[in-house]
Amino acid sequence: MRKILVTWLLLLTALMTSGCGFTISPQELYCLPKLPTEYTELDNRINAILSDGAEYAAPISGSNIQPVQLEDLDGDGQEEAVAFFRNDADEKPLKICIFTAKDQTYELSHVIESSGTAIYSISYNDLDGDGYTELIVGWRVTTDLQALVVYTLKDGEPMELMRSNYVRYAVTDLNQDQSQELVVLRSAEGGDAVADYYTWQNGALQLQGAAPISITMAELNQQGRVTAGTLNDGMPALFVTGVEEGLWSVTDVLASRNGDLANITLSDATGVSAEIAPFQTLYPMDINNDGVTELPRAVSLPILEENQIAYQRIDWYTYNVQGEASLALSTYHDIEDGWYFLLPESWREEVMVSRSVDEDEACVTFYIQGDQGPEPFMQITAITGSSRSVKAVRGGRFTLGRQAETIYTAELLDANSRWSGGMTEDQARSAFSLITKEWVYGDN
């Protein structure tokens with residue numbers, strides 16, 4: 001409907017600005033364009049449900065959170081309308097109503113009902129590639145319990161394909177068979193965490209296998225994240241990160257191996273993932289844009305002087321499907337000021353860092369050990385305030401990047417030219433990047 005309104009407004013603007021003598025009264029400018037008949041009828045049918053005691057109950061998380069959503073569920077090129085309601089007078093108060101377009105109107109064709117406190121999320125996926133879209137619905141049953149149900153409309157009435165308790169789930173093609181699989185992360189009996197692996201077999205969505213998870217669902221549920229990515233041998237994988245008490249991140253890597261789901265980072269000796277590191281609010285990502293997902297590990301840098309704050313570099317590792325890790329690159333991340341710097345290999349074990357904050361300037365200084373002690377060789381400064389443009393060109397500073405209220409500069413100091421690891425201005429610009437805030441939808 002938004003597209004229709006936009007189209008009408010564009011047409012209206014074109015008529016007003018053309019030279020055709022077309023005139024519109026001020027009153028007409030404030031009139032909404034008349035919507036096509038089928039949308040008017042859909043609105044009438046929704047209002048009838050609302051007037052019968054229901055209220056909108058849009059999904060509260062995920063990427064689809066509108067109270068009315070348009071999706072082509074049967075592959076015929078015509079969008080169905082999916083609306084979400086709650087009616088506390090009914091035994092099953094939560095309702096997903098599906099309206100099908102027919103003869104310039106919308107008719108209520110399907111109703112999916114459930115008990116519980118909320119519709120947590122919904123996603124639309126053609127799991128088996130047959131052109132019909134399955135509905136993957138997360139129901140909030142109680143404060144501490146969620147149920148995941150997959151529905152198909154292929155045979156007329158909504159039919160459940162699977163049901164499970166869950167905390168997170170992901171839809172992905174791990175075995176590269178061109179069909180989507182479903183990975184469900186949940187707590188098993190005894191509190192252990194498990195990833196269930198559902199694949200499409202013999203016309204049904206069936207549990208293919210499971211893999212243990214070393215993090216708890218509580219650790220996943222707080223600051224944790226599930227990231228779809230790629231191993232360094234080209235295999236797809238899921239990176240499941242949990243955070244222990246805000247201090248340590250633990251990442252399990254799930255991949256298809258010999259047809260089964262495997263946790264390739266899980267240690268046979270400890271039963272815990274090998275990917276444990278101090279938490280720096282960083283998650284697995286393709287940081288160097290090479291098509292492979294890297295995992296961050298925070299490592300302490302050499303200390304400049306006693307009682308100094310411990311600064312850290314980030315080593316980024318990739319994995320193959322056999323669970324073998326390889327160091328890909330290292331960075332220094334200045335999370336406070338919003339930038340990171342690719343560290344040359346020769347800097348990795350040699351460089352020391354300090355950070356100072358003055359009025360409108362936050363400066364990170366890099367040092368190398370010299371004959372007389374640590375020597376500064378480069379400074380990167382984030383400059384704010386009304387005089388930032390003047391400050392950005394003081395001394396030997398050159399610009400690395402800009403944001404709306406901040407200019408980022410670097411200055412190469414005397415020691416830079418006296419050691420083999422020194423760099424040029426162009427190399428510094430190439431190694432510098434701004435930290436972009438990743439837009440993360442609510443969890444499914």
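Student: In which loop does Ser420 lie?

Tutor: Helices (H or I, at least four residues) and strands (E, at least two) are DSSP runs, numbered from the N terminus. Ser420 lies in the loop between β27 (407-412) and α6 (425-431). This is a predicted model: local features need pLDDT of at least 70, side-chain atom pairs count only at pLDDT 80 or more, and totals for chains, interfaces and linings use all residues. Residues are numbered from 1 along each chain as its sequence is written, and side-chain values use heavy atoms, with hydrogens and water left out.

Student: Is Ser420 buried or exposed?

Tutor: Buried means under 20% relative accessible area, exposed over 50%, and partly exposed in between (1.4 Å probe, protein chains only). Ser420 has 79% relative accessibility, so it counts as exposed. Its C-alpha is 8.6 Å from that of Ser346, a residue 74 places away in sequence.

Student: Where is Phe99, and which residues is Phe99 in contact with?

Tutor: Phe99 belongs to strand β4 (residues 94-102). Its relative accessibility is 1%, so Phe99 counts as buried. Contact means heavy atoms within 4.5 Å. Neighbours within four places in sequence left aside, the contacts of Phe99 include Leu42, Ile46, Ile49, Tyr106 and Leu108.

Student: Which polar contact joins the side chain of Thr265 to another side chain?

Tutor: A polar contact is a pair of N or O atoms within 3.5 Å; within protein, one must be able to donate a hydrogen and the other to accept it, and residues adjacent in sequence count only if both atoms are side-chain atoms. The side chains of Thr265 and Asn263 are joined at 3.1 Å. The Thr265 side chain also reaches the backbone oxygen of Thr251, at 3.5 Å. Thr265 sits in the loop between β17 (260-263) and β18 (275-278), and with 3% relative accessibility it counts as buried.

Student: How many disulfides are there?

Tutor: A disulfide is a covalent bond between the sulfur atoms of two cysteines. The rule used here is a pair of cysteine sulfur atoms within 2.5 Å, and by this rule the count is zero. Cys97 is buried, at 4% relative accessible area, and Cys363 is buried, at 10%.

Student: What is the relative accessible area of Trp248?

Tutor: The value is 40%, so Trp248 is partly exposed. Trp248 lies in strand β16 (residues 248-257).
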